[in-house]
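Here's a quick briefing on how two protein chains meet, plus a stop at one residue inside a chain. Have a look at the structure before reading on.

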Amino acid sequence: MSGDHSDALISRRVRRLETLLEERGIVGGATLDEAIDAFLSGASPANGAHVVARAWTDPDFRTRLLADANAAVAELGYASGGVQPQRLRVVENTDRVHNVIVCTLCSCYPLGLLGPSPGWYKSEAYRSRVVREPRAVLEEFGLTLPADTGITVWDSTSESRYMVLPRRPAGTDGLDEKALAALVTRNALIGTAAV
Amino acid sequence: MTDGGFAPGTRVRTSHHDPVHHTRLPRYARGKHGVVVESEGSHPLADIRSQGRADFPVEQVYAVRFAARDLWGEGDHHVVLDLWESYLEEEESQ
């Protein structure tokens with residue numbers, strides 16, 4: 001479950017496409033790099049972690065985040081990311097329900113808040129199995145949920161992008177926002193880990 | 001399509017149709033029973049826009065919740081998909 005995906009089939013296909021586009025003079029390599037840099041500029045799971053830590057420490061912010069996530073993350077200077085406008089929806093884990101996100105059709109997720117997606121998120125194995133047997137998939141990530149915790153899988157098939165608001169761990173009352181944000185991993189924002 | 005076609009809680013069934021073109025209704029969720037969670041605003045219908053056509057309709061998109069048992073015949077979880085209105089048909093009340 002490494003985040004490295006340089007050898008994945010899709011990477012080879014993209015590199016081939018890049019080469020063809022450059023060979024035929026359709027785009028230059030520098031133009032492509034600039035576009036990719038602009039696309040990924042500032043995209044990091046640290047942004048999502050900051051949003052989560054704020055929601056844990058500021059109940060009013062948490063309420064706004066769950067009601068209108070686009071507006072709430074904009075307060076912190078963030079956007080969902082992507083090339084077209086997207087509706088951001090934050091789904092909250094509770095003691096009764098655990099949420100996990102997927103895009104069974106491709107690999108959509110809120111890039112601006114989670115950073116570039118890990119290779120496994122784009123893999124056919126994750127995409128096909130997490131909608132069918134999420135409890136088993138989460139076990140493989142090392143996350144064992146109590147049998148009476150329900151699971152909701154959010155399949156991003158349209159223009160909404162989902163982020164999980166994990167549960168705040170016990171024993172963190174004394175931590176400030178920055179220390180709390182440091183506990184939040186990208187997998188926790190996807191729902192394949194707890195905090 | 002107009003705003004607010006399906007209120008939250010509306011029972012719907014997804015289309016059985018297997019189009020030759022791009023669609024955002026995954027095969028595993030075709031012809032299945034679900035419940036509308038919420039509206040997600042209006043968006044160009046990807047099925048038509050992906051063909052490069054300018055006459056794409058703009059439709060309401062809904063988050064629709066399905067029980068695993070209804071999708072797969074087993075499982076105790078739920079799956080929520082984001083579906084354009086024309087993929088959905090309201091169920092007759094029983």
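Let's start with one pair: Glu159(A) and Arg24(B) join their side chains in a salt bridge, at 3.8 Å from N to O. Keep in mind that this is a predicted model. That pair belongs to a contact between chain A and chain B, where six salt bridges turn up in total.

**The interface as a whole**
- Chain A puts 21 residues into the contact, and chain B puts in 24 residues.
- Together the two chains bury about 1800 Å², with 44% of that on carbon and sulfur atoms.
- Glu159(A) shows up again here: with Arg132(A) and Thr157(A), it supplies 28% of the area that chain A buries against chain B, more than any other three residues.
- There are also 14 residue pairs in polar contact across the interface.

**What chain A brings**
- β1, α9, β3 and β4 of chain A each give at least two residues to the side that touches chain B.
- The largest share, five residues, comes from β3(A).
- Sorted by type, that side of chain A has seven nonpolar, seven polar and seven charged residues.

**Strands side by side**
- β3(A) pairs with β4(B) in the parallel sense, over four bridges.

**A look at Asn47(A)**
- You'll find Asn47(A) in helix α3 of chain A, which covers residues 45–57.
- Is Asn47(A) buried or exposed? It counts as buried, because its relative accessibility is 11%, and the cut-off for buried is under 20%.
- Its side chain reaches the backbone oxygen of Gly42(A) at 2.7 Å.
- Leaving out residues up to four places away in sequence, Asn47(A) touches Gly42(A), Tyr78(A), Gly112(A) and Leu113(A).

Definitions and conventions:
Residues are numbered from 1 along each chain as its sequence is written. Chains are lettered from A and ligands numbered from 1 in the order in which they are written. This is a predicted model: local features need pLDDT of at least 70, side-chain atom pairs count only at pLDDT 80 or more; totals for chains, interfaces and linings use all residues. Side-chain values use heavy atoms; hydrogens and water are left out. Buried means under 20% relative accessible area, exposed over 50%, partly exposed in between (1.4 Å probe, protein chains only). A polar contact is a pair of N or O atoms within 3.5 Å; within protein, one must be able to donate a hydrogen and the other to accept it, and residues adjacent in sequence count only if both atoms are side-chain atoms. Contact means heavy atoms within 4.5 Å. Buried area is the accessible area (1.4 Å probe) that two parts lose on being put together, summed over both. A salt bridge is a side-chain nitrogen of Lys or Arg within 4 Å of a carboxyl oxygen of Asp or Glu. Ala, Val, Leu, Ile, Met, Phe, Trp, Tyr, Cys and Pro count as nonpolar, Asp, Glu, Lys and Arg as charged, and the others, Gly among them, as polar. Two strands pair if DSSP finds at least two bridges between them.
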